[in-house]
Amino acid sequence: MTTTKWVIDAVKLGELRDVPTEEVYLQDRSRRAVSMPLVMFVLRSGDRTVVVDTGGPAEEEQIRRMIPFGYAVGEEERLENALARLGVRADDVDLVVNTHLHWDHCSNNNAFRNAEILVQRAELGYATAPCPAHLRAYGIHGDSEPPFARCLERVRALDGGSEIASGLGVLPLPRHSPGSQGVRVDTGEGTFVIMGNCVDTLDNWANGGADLPLPSGRFTDLPAFYASLAHLKGTGWTPLPSHDHTVVEQATFGC
């Protein structure tokens, strides 16, 4: 059986700034701060386009309410301009996968008006009633509608791993959030895995040569987080973290 081969474009949709390293690297005590790009992955094969994660808001009012760190979106990083550079129309995308429902991964779901949106059922359930410490991560504040709730009529909830198209599959990767998931992408250069916030950066993945990658400092269940990392490590797939500068600098994978 022939498997469809995809090409992956990693697109920067803004940047978090002045993020304490303890948020990114578990138990980091250096008191440094780092910047982190917000990455949307555009997957193409033939005339089909699939998007994984849709970034954060570009409107200043939303940014002030939602984001505890510095945050900037350049004009070229606005969703419509980033897609135009790839020659992609949002209305031609028929499938969006959210690795999880934190605001920086789903704020532009509503731009893809013709797309079905795939989320793990556990993530959707938790996002509707998270613990108070996680309200901001899901974009919940006051009476405003959180980003994940804008397109619920187009959301399909998944229960665990699934093949979602030829050459594409999702795999559960809790517990950065309860229902985090990754996306396996078969390409002409081998298999990649888009890891969401299960792995923030390639430094987390390498972890100084340790047997397992390093979790971020943001999690809901640390033993389950380590289990997800062990599973990823065992696949042998090429990792694509969701907040790594070198990923957006290389930009294209699998061609």
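Colleague: Which elements do the buried residues of helix 7 pack against?

Modeller: This is a predicted model. In it, the buried residues of helix 7 pack against strand 9 (168-172), strand 11 (190-194) and helix 6 (202-206).

Colleague: Which residues of helix 7 are buried, and how do they lie around the axis?

Modeller: An α-helix has 3.6 residues a turn, so residues three or four places apart point the same way. Here the buried residues are F225, S228, L229 and L232. They cover an arc of only 95° around the axis, so they sit on the same side of helix 7. P223 and G234, on the other side, are exposed.

Colleague: What caps the N-terminal end of helix 7, and what follows the helix?

Modeller: D221 is the cap, with a side-chain oxygen 3.1 Å from the backbone nitrogen of A224. After helix 7 comes G236, with a positive phi near 80°.

Colleague: How many disulfides does the structure hold?

Modeller: A disulfide is a covalent bond between the sulfur atoms of two cysteines. The structure holds 0 of them. For C198, the nearest cysteine sulfur is that of C106, 18 Å away.

Colleague: Is C198 buried or exposed, and what of C255?

Modeller: C198 has a relative accessible area of 2%, so it counts as buried. C255, at 63% relative accessibility, is exposed.

Key. Residues are numbered from 1 along each chain as its sequence is written. This is a predicted model: local features need pLDDT of at least 70, side-chain atom pairs count only at pLDDT 80 or more; totals for chains, interfaces and linings use all residues. Side-chain values use heavy atoms; hydrogens and water are left out. A disulfide is a pair of cysteine sulfur atoms within 2.5 Å. Buried means under 20% relative accessible area, exposed over 50%, partly exposed in between (1.4 Å probe, protein chains only). Helices (H or I, at least four residues) and strands (E, at least two) are DSSP runs, numbered from the N terminus. The arc is that of the directions from the helix axis to the C-beta atoms. Contact means heavy atoms within 4.5 Å. A polar contact is a pair of N or O atoms within 3.5 Å; within protein, one must be able to donate a hydrogen and the other to accept it, and residues adjacent in sequence count only if both atoms are side-chain atoms.
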